[in-house]
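This note sets out points for a colleague reading the model alongside its sequence. The points take the ligands, then the cores, then individual loop residues.

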Amino acid sequence: MKYILITGGAGFIGSHVVRLFVKSYPNYHILNLDALTYAGNLENLKDLENQPNYTFIKGDICDEALVTNLFSNYSIEGVIHLAAESHVDRSILDPHSFVKTNVIGTLNLLEIAKNSWKDNFEGKLFYHISTDEVYGSLSDESFFTEETSYNPKSPYSASKASSDHFVRAYHNTYGLPIVISNCSNNYGSHQFPEKLIPLFINNIKNNKELPVYGEGNNVRDWLYVEDHAKAIDVIFHKGKLGETYNIGGFNEWKNIDLIKVLIKTVDAFLGREEGASDKLITYVKDRAGHDYRYAIDASKLKNELGWEPSLQFEEGMKKTVQWYLENEEWVANVTSGEYQKYYEQMYE
Ligand code: NAD
Ligand code: DAU
């Protein structure tokens with residue numbers, strides 16, 4: 001049995017990665033370490049509760065004793081590190097918590113993995129999941145490649161860039177076997193409903209305003225979350241040590257155009273007249289330091305490891321809208337409590 005530690009597995013992307021690995025690899029035992037912050041939810045993994053090759057551990061990646069014990073108790077051979085504070089708007093309000101989890105937490109994992117594996121790095125892998133936001137912001141031309149210089153512009157992306165640098169430093173300095181991927185915006189089921197797509201689906205359904213930052217002209221490159229999980233699987237198994245791979249959807253949308261597609265899709269599902277919810281669009285104050293455009297050139301991953309997105313955007317959007325509309329209880333559960341305080345600070 002091969003033990004793989006996945007951090008942040010109760011979150012949006014992490015839950016899809018945990019499910020894919022538990023179901024695809026019965027010879028792996030997946031240890032899911034997650035602190036269950038506002039963004040982590042065990043309801044995301046209800047279907048795996050009785051799987052024999054899956055164990056959930058509630059805990060903080062910054063907790064040195066806990067992580068050390070995990071490495072002593074299980075012969076962990078791989079780490080897939082997704083745990084993070086992940087929302088740009090929250091990082092503007094509270095940068096410290098981003099440095100704590102994203103930088104200090106990553107450093108803690110690196111140090112413990114290095115110390116546990118140092119006698120034999122053979123067959124071990126520390127896979128760090130990162131974001132395209134570390135590259136900064138693009139104008140209308142060009143794409144982020146693996147050679148693009150880092151130029152993070154928000155507290156979130158600065159903390160992720162810092163964690164990427166530490167991961168590379170551990171490879172360069174100690175020979176830790178690592179790989180990094182930097183992905184564009186994900187969409188799909190189980191995303192905490194303060195990010196654009198799930199927030200807007202719920203607001204359209206409930207006839208609430210849709211707060212479009214600035215003029216809605218910012219561009220994002222959207223990838224279906226299950227395609228991201230498949231890319232992580234490919235990179236974990238076939239990626240070259242020390243390398244970076246960019247992951248993207250080849251699917252750029254201006255926010256306002258994407259929002260119009262969302263409105264049309266939700267209205268159609270609810271049997272409303274076309275255009276019925278257009279009036280909900282409300283232009284609000286722009287996000288501070290709002291990056292204009294992200295777009296990934298994922299050709300290295302495609303050419304070297306054979307991965308490309310499989311789901312068409314229209315299809316992915318329909319599946320996503322349908323999931324949120326059919327899972328009202330999930331939305332209600334995750335949007336209660338602590339989350340409300342942030343929501344009020346951000347939008348009221
Ligand atoms: P998320 O916010 O939905 O989930 C983060 C998870 O990490 C949660 O389950 C949370 O409980 C857990 N967590 C937070 N702090 C922790 C700590 N100190 N110890 C243990 N667990 C902790 O995030 P997501 O959108 O699923 O993103 C996952 C990873 O992918 C992050 O590293 C993020 O930077 C990266 N990423 C996200 C996107 C995207 O579009 N969402 C795109 C590219 C990269
Ligand atoms: O590019 C990858 C990144 O994508 C990930 O690293 C982050 O973890 C993830 O949160 C996402 O970051 P964004 O800031 O792009 O995602 P968000 O859903 O917050 O916003 C998408 C776009 O929509 C962005 O241009 C801001 C805008 N927006 C967002 C919200 C929540 C609005 O106009 N109104 C809103 O209410």
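1. A residue is taken as near a molecule if one of its heavy atoms lies within 4 Å of it. By that criterion ligand 1 is surrounded by 29 residues, and Ile13, Asp34, Ser86, Tyr156 and Lys160 are the closest. The model is a predicted one, in which local features need pLDDT of at least 70 and side-chain atom pairs count only at pLDDT 80 or more, whereas totals for chains, interfaces and linings use all residues. Residues are numbered from 1 along each chain as its sequence is written, chains are lettered from A and ligands numbered from 1 in the order in which they are written, and side-chain values use heavy atoms, with hydrogens and water left out.

2. The side chain of aspartate 34 places an N or O atom 2.6 Å from an oxygen atom of ligand 1. On its own ligand 1 has 830 Å² of accessible area, of which the protein covers 96%. Accessible areas come from the Shrake-Rupley method with a 1.4 Å probe; for residues, only the protein chains shown count as cover.

3. Make-up of the shell around ligand 1. Helices (H or I, at least four residues) and strands (E, at least two) are DSSP runs, numbered from the N terminus. At least two shell residues come from each of helix H1 (12–24), strand E5 (125–131), helix H5 (155–174) and strand E7 (185–187). E5 gives the largest share, three residues. By class, 13 residues of this shell are nonpolar, twelve polar and four charged. Here Ala, Val, Leu, Ile, Met, Phe, Trp, Tyr, Cys and Pro count as nonpolar, Asp, Glu, Lys and Arg as charged, and the others, Gly among them, as polar.

4. Ligand 2. The shell around ligand 2 holds 25 residues, with Thr131, Asp132, Tyr156, Arg287 and His290 the closest. A polar side-chain atom of aspartate 132 is 2.6 Å from an oxygen atom of this ligand. A polar backbone atom of proline 211 lies 2.7 Å from a nitrogen atom of ligand 2, and a backbone N or O atom of tyrosine 213 is 2.9 Å from an oxygen atom of ligand 2. The protein buries 95% of the 690 Å² that ligand 2 exposes when taken alone. H6 and E8 are the elements that give two or more residues to the shell. Eleven of the shell residues are nonpolar, eight polar and six charged.

5. Nonpolar cores. A nonpolar core is a set of buried Ala, Val, Leu, Ile, Met, Phe, Trp, Tyr and Cys residues joined through side-chain atoms within 4.5 Å. Buried means under 20% relative accessible area, exposed over 50%, and partly exposed in between (1.4 Å probe, protein chains only). The largest core has 33 residues, among which Ile30, Ile80, Tyr127 and Ile247 touch the most other members. Elements giving two or more residues to this core include strand E1 (2–7), strand E2 (28–34), strand E6 (178–183) and helix H7 (225–238). A second, separate core of 29 residues includes Ile263, Val266, Leu280 and Tyr324.

6. Loop residues with positive phi. Asparagine 207, which is not a glycine, has a positive phi of about 55°. Asparagine 207 sits in the loop between helix H6 (196–205) and strand E8 (210–213) and counts as partly exposed because its relative accessibility is 49%. Phenylalanine 250 likewise has a positive phi, near 50°. Its loop runs between E10 and strand E11 (252–254).

7. Asparagine 251. This residue is in the loop between E10 and E11 and is buried, with a relative accessible area of 13%. The side chains of asparagine 251 and tryptophan 253 are joined by a polar contact of 2.9 Å. Beyond neighbours within four places in sequence, asparagine 251 is in contact (heavy atoms within 4.5 Å) with Arg220, Asp221, Trp222 and Phe313.

Terms used:
A polar contact is a pair of N or O atoms within 3.5 Å; within protein, one must be able to donate a hydrogen and the other to accept it, and residues adjacent in sequence count only if both atoms are side-chain atoms.
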